[in-house]
Structure formats: C-alpha cells, structure tokens
Amino acid sequence: MTRLDLVPALSAPELLAVPVREALTALDPGLADRIRVAPIDPALADTAAFCAAYDVALAASANCLVVAGRRGETTTYAACVVLATTRADVNGVVRKLLDARRASFAPMDDAVSATGMEYGGITPLGLPASWRILMDARVADVEVIIGSGLRASKIALPGAVIANLPGVELVEGLARDLEPTG
C-alpha cells in the first residue's frame with residue numbers, strides 16, 4: 001500500500017501540467033476515469049526517492065524518457081515508457097525503431113521545451129502528436145505510478161490505459177532488467 005492520497009485526475013486539474021490536462025480531457029471518458037493523481041513533495045519526484053518516501057515498489061513505478069534519434073541533420077524525438085526496474089535499450093531497440101544512426105536521451109532543456117512538462121515529471125499523456133510513444137510491453141500488465149507533467153504530483157493508472165493512449169506502440173524487449181546490485 002502506498003502513502004499517496006490519490007483522487008480522480010479529472011477532479012484535480014491543478015495537479016497536472018497543461019498538456020497533460022488537455023490530453024486527459026480529450027480522452028475517452030472510460031479511460032480518463034481510470035487515471036488518478038496525488039500531490040507529492042517535488043523534491044522527491046525522482047523515482048528512487050519517490051518510491052522510498054511514498055512506499056511505492058519500484059516494480060509499480062514507470063518512467064517516461066525522452067529520446068533523440070539522429071540520422072544526418074535530422075533529429076527525431078520519441079518517448080519510451082518503461083518500468084523503473086528496467087532500462088530502455090536506447091542504443092539497440094530504440095535506435096532501430098527510430099531508424100537513427102545514433103540515439104540518446106534528449107537534453108533536459110530540449111525535453112522540457114518540447115513537452116511543456118517539468119523534467120522529472122514527463123509522462124506519455126499530452127506529448128506532441130508527432131512523437132512516437134514506445135512502451136515496453138511489460139508496462140501494460142501492471143498498475144503504474146508515473147509523472148503528471150509536474151514534479152509536484154504523480155498519476156496512477158493501469159498500464160493498459162497507457163497502451164490505449166493515442167500513438168502508443170507496445171514493444172517487446174524495449175527495456176532490459178536492471179542488473180541486481182550488491
């Protein structure tokens with residue numbers, strides 16, 4: 001059990017970044033009603049600190065990472081949604097899917113500017129329509145907590161809801177399990 005005070009996201013729009021709020025109101029009501037939001041301490045928005053402070057298992061937390069694929073002079077942005085217990089295969093799977101010679105995490109300023117969301121709170125809901133949203137297939141099977149577009153809150157929703165967002169592509173093997181530490 002988490003220590004989050006989750007409420008229906010539609011009833012607390014002030015806890016959502018503007019693009020997230022707009023995307024949520026445009027969603028099918030059946031999907032939108034399954035998304036909840038909770039305020040958090042923005043200093044604890046990063047995954048490890050958040051999970052420890054709010055008693056959330058890493059396996060129930062997901063990250064939305066902005067990547068930039070480059071081929072020649074062309075840069076293509078995309079988002080990768082992966083469980084916090086995994087790492088996106090940016091140099092392998094993502095690079096190939098973007099048909100890029102090189103792929104890397106987008107610089108923070110570029111990610112924030114392009115999404116209209118705060119770094120550390122980026123979420124698949126409300127991303128630019130031209131972006132591909134690549135989601136590791138394992139995310140679809142669990143209830144996850146992910147950014148709200150703001151560092152001061154998190155949203156909780158079934159991974160299956162993310163899978164049904166416009167533009168989301170389920171990708172087997174998008175992420176690899178993190179190596180155990182210790």
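This is a short tour of the structure above, one selection at a time.

Before you click, know that you are looking at a predicted model, where local features need pLDDT of at least 70 and side-chain atom pairs count only at pLDDT 80 or more, while totals for chains, interfaces and linings use all residues. Residues are numbered from 1 along each chain as its sequence is written, and side-chain values use heavy atoms, with hydrogens and water left out.

**Stop 1: helix α1**

Select residues 18–26, which make up α1. Names like this come from DSSP runs numbered from the N terminus: helices are H or I with at least four residues, strands are E with at least two. Colour Pro-19, Val-20, Ala-23 and Leu-24: they are buried (under 20% relative accessible area; exposed is over 50%, partly exposed is in between, with a 1.4 Å probe and protein chains only). These four cover an arc of only 135 degrees around the axis, which puts them on the same side of α1; the arc is that of the directions from the helix axis to the C-beta atoms. Now look at the other side of α1, where Glu-22, Thr-25 and Ala-26 are exposed. What do the buried residues of α1 pack against? Show α2 (29–32) and α5 (108–115), and you have both partners. Contact here means heavy atoms within 4.5 Å.

**Stop 2: Thr-123**

Go to the loop between α5 and β7 (132–136) and pick Thr-123. Is Thr-123 buried or exposed? Its relative accessibility is 0%, so Thr-123 counts as buried. Leaving aside neighbours within four places in sequence, Thr-123 touches several residues, among them Val-20, Cys-64, Met-117 and Ile-155.

**Stop 3: the open sheet**

Switch to cartoon view and find an open sheet of four strands, in the order β1-β2-β9-β8, with antiparallel pairing. Two strands pair if DSSP finds at least two bridges between them. β1 (7–8) and β8 stand at the edges with a single partner strand each, so one side of each has no neighbour in the sheet. Zoom in on β8 and β9 (residues 153–158): five bridges join these antiparallel strands. Ile-145 stands opposite Ala-156 in β9.

**Stop 4: the largest pocket**

Show the surface and centre on Asn-63, Cys-64, Leu-65, Tyr-119 and Gly-120, the closest to the centre of the largest pocket among its 20 lining residues. About 380 Å³ of space lies in this pocket. On a 1 Å grid over the protein atoms alone, a pocket is an open set of points where a 1.4 Å probe fits, with protein on both sides within 12 Å along at least five of seven lines, and lining residues have an atom within 4 Å of a point. The points are joined across faces, edges and corners, and the volume is the space filled by probe spheres set on them. Which element gives the largest share of the lining? That is β3, with five residues.

**Stop 5**

Most residues other than glycine have a negative phi. Select Asp-55 in the loop between α3 and β3: its phi is positive, near 55 degrees. Asp-55 has 48% relative accessibility, so it counts as partly exposed. Then jump to Asp-99, in the loop between α4 (90–97) and β6 (102–105). Asp-99 also has a positive phi, of about 50 degrees.
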